[in-house]
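Okay, everyone, thanks for coming.

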Amino acid sequence: MNTLIIAVLSFIGFIVAYHTYGKWLARKIFGLDTHATVPSEELRDDVDYVPTKKEIIFGHHFTSIAGTGPIVGPAIAVFWGWLPALLWVVLGSIFIGAVHDFGALVVSLRNRGQSIGEVAGRMIAPRAKFLFLFVLFAGLTIVLAIFGLVIALIFSYYPESVLSVWVEIPLAVVIGVWIYRRGGNILWPSIIALGVMYLAMGLGAYVLPIDLGQWFGIPLLGQTYMSVVVIWTLVLFVYCFIASVLPVWTLLQPRDFINSHELVVALLLLVLGLGVAGLTGQADLGASAPAIASDIPPDAPPIWPFLFITIACGAVSGFHCMVSSGTSSKQVASEGDAQYVGYGAMLLEGGLAVVVILACCAGIGMGIFNRTGTGANYRFEPILKEARLESAPTAIDSARLQSAPTAGEVVTGHDAWRTRYATQTTLTNADGTTTVKGGWASHALKQKVSAFVDGGGNFLATLGIPLKMGIAIMAVLVASFAATTLDTATRLQRYVIQELAQTANIKPLQNRYIATAFALVLAAAVALFQGPGGPGSGGLTLWPLFGATNQLLAGLAFMVIVFYLLRRNKPFWFALLPMIVMLVMPAWAMLHQMFNPQTGWLFTGQYLLFGFGVAVELLQGWMIVEGIIAWREARGNYPELPPLETLAARGEA
């Protein structure tokens, strides 16, 4: 029952926050004006600047900011227990994340749809523009490099998800043409498209799982470039080039609108399944996972400050400021829609993160299963306690188990959570020696993603949905959101490159085709070089940088919002406190990663990571110094926008 109560209270908190705190920000602080001229009208080009109904732009904005962030982040963080993760998601999304997204959107709307980096040059100092854009460029390069790998791994682990994800693309194009060329309505076509996607999920689960490794006999990763990850990464980057240079109405908007329906349906099913499981006693959060884990292994990073960079998109994420000021601000049709899009979408993402936490704990506690067989013939079989423990029941430290295991008993409760999260377990062998298993180092990507997919599948099973189909629904949800983030990040990187090119007066890179190609070639070079898993795993090398860099970006975005309010003589305390938190916590975590005597990059010979870390910290420090210098003369001194540029001057002709 406590599982259901926590879910209901969290959702009520989000709804109340939207209608109180969110409304206060919209009316009293930002003073949204429905009659104000917005960038989508002032600079309309029907490519990037397109006035859009708030329901459609909400779908685009939400699916772009969500991606796999609110899934993977919470799925990792419950390693420390479900209570800290839950508190950070609920409180963080209401008072920090939603304020960050909403503020970045409004600031961009009031500055002709310029990115938050471009605005930094006017709100803080000209040098701040370059510093901010460079941080954006570095962060997006890492995102593009790693997400090809993430999606390729999802397609490999869950081949039933591939067909549905790719079927959505032509459906979205047809809907885009139907709306913007034929004047049709988007609602019913998008619902029909969603139905086709669910049909494709069933076909993928029972008839046609697309498994390149099985079809062509190639490895997931290997010592050559002929691997599943490399092939999928290249295919995805080609798709991203096409999607990112097309007008937003052609693919981006309709696909994201379909994805928003997919999320609503999946969330509804999850919440209903959670309710049934909670009311019937099948799901018990307290009995499934510790509120605060007490057996953290020594190789795990400390919860403070790493909780604040592990859960990003579910609470606050610097990536969101790029979406708010990069694509969404160019499509919002009225300032009055900004609260709905900016503040509301972040709260919905917080709701998704809450469900993920419950699925990874209470859902996994309902039992975990092994997938056996291949292709469409795979099935799920229970993981038995004796098989999981890998030794005789009597040889196990009884303190590690709630009760002694019996033959044929499915792993459930705390044992299921420990199994999936590889917390440290000490086994007593027959000869009296001990063996330590698990730990943070064994907490791999597959475990993070599958914890949500399998736990969510258990919730859906309580509604009578076969586990096989439930797993397919959850896997498609993860894969489609990851793909959305990938091509949105490509478009955002193109904007950043164009703005840097304008600053440096590099004419070729101001063209959207050349800028997009440059972004993807660079990302491919990072993603496909020799990494820990062979060619195609290079993005993993830089992945540890992303968490802290992403959250530092949120702190810098808050700095721009604070200066915007300061220059307009508006209250800014509500943004100043989150700014301090999001500058201190990520910097602290980065320094720990760099200089920890046991695991620090400096002491373990990871000099590439160390060098990047030093560069990011120096850029942050420089930005803060620029802010301190500009603070004294900023109050009430609001710089006017320069004369309006033509489309040709922006390189879009």
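So, how much accessible surface does the protein have, and what share of it belongs to carbon and sulfur atoms? The accessible surface is about 23,700 Å², and carbon and sulfur atoms take 67% of that; areas here are Shrake-Rupley with a 1.4 Å probe, and for residues only the protein chains shown count as cover.

Before I go on, a word on the ground rules. This is a predicted model, where local features need pLDDT of at least 70 and side-chain atom pairs count only at pLDDT 80 or more, while totals for chains, interfaces and linings use all residues. Residues are numbered from 1 along each chain as its sequence is written, and side-chain values use heavy atoms, with hydrogens and water left out.

Now the overall picture. We have 24 helices and six strands, taken as DSSP runs numbered from the N terminus (helices are H or I, at least four residues; strands are E, at least two). Of the 653 residues, 63% are buried, meaning under 20% relative accessible area, with exposed being over 50% and partly exposed in between (1.4 Å probe, protein chains only). And if you take contacts (heavy atoms within 4.5 Å) with a separation of 6 or more, 81% are between residues 24 or more positions apart.

Let's zoom in on a helix pair. Helix α11, residues 228–245, and helix α20, residues 467–504, have axes that come within 9 Å and cross at roughly 60°. Those axes are lines fitted to C-alpha atoms, for helices over the stretch in contact, with angles from 0 to 180 degrees between N-to-C directions. So α11 and α20 are oblique to each other; that's the class left over after under 35 degrees (roughly parallel), over 145 (roughly antiparallel) and 65 to 115 (roughly perpendicular).

Who touches whom? On the α11 side there are L236, F237, Y239, C240, A243, S244 and V245, and they meet L486, D487, T490, R491 and R494 of α20.

The W304 to P305 peptide bond is cis, with omega near 20°, and P305 sits in helix α14, residues 303–310.

Then two non-glycines with positive phi. R112, at about 55°, is in the loop between α5 (82–109) and α6 (116–123), and R112 is buried at 17% relative accessibility. N505, at about 60°, is in the loop between α20 and α21 (512–528), but N505 is exposed, at 52%.
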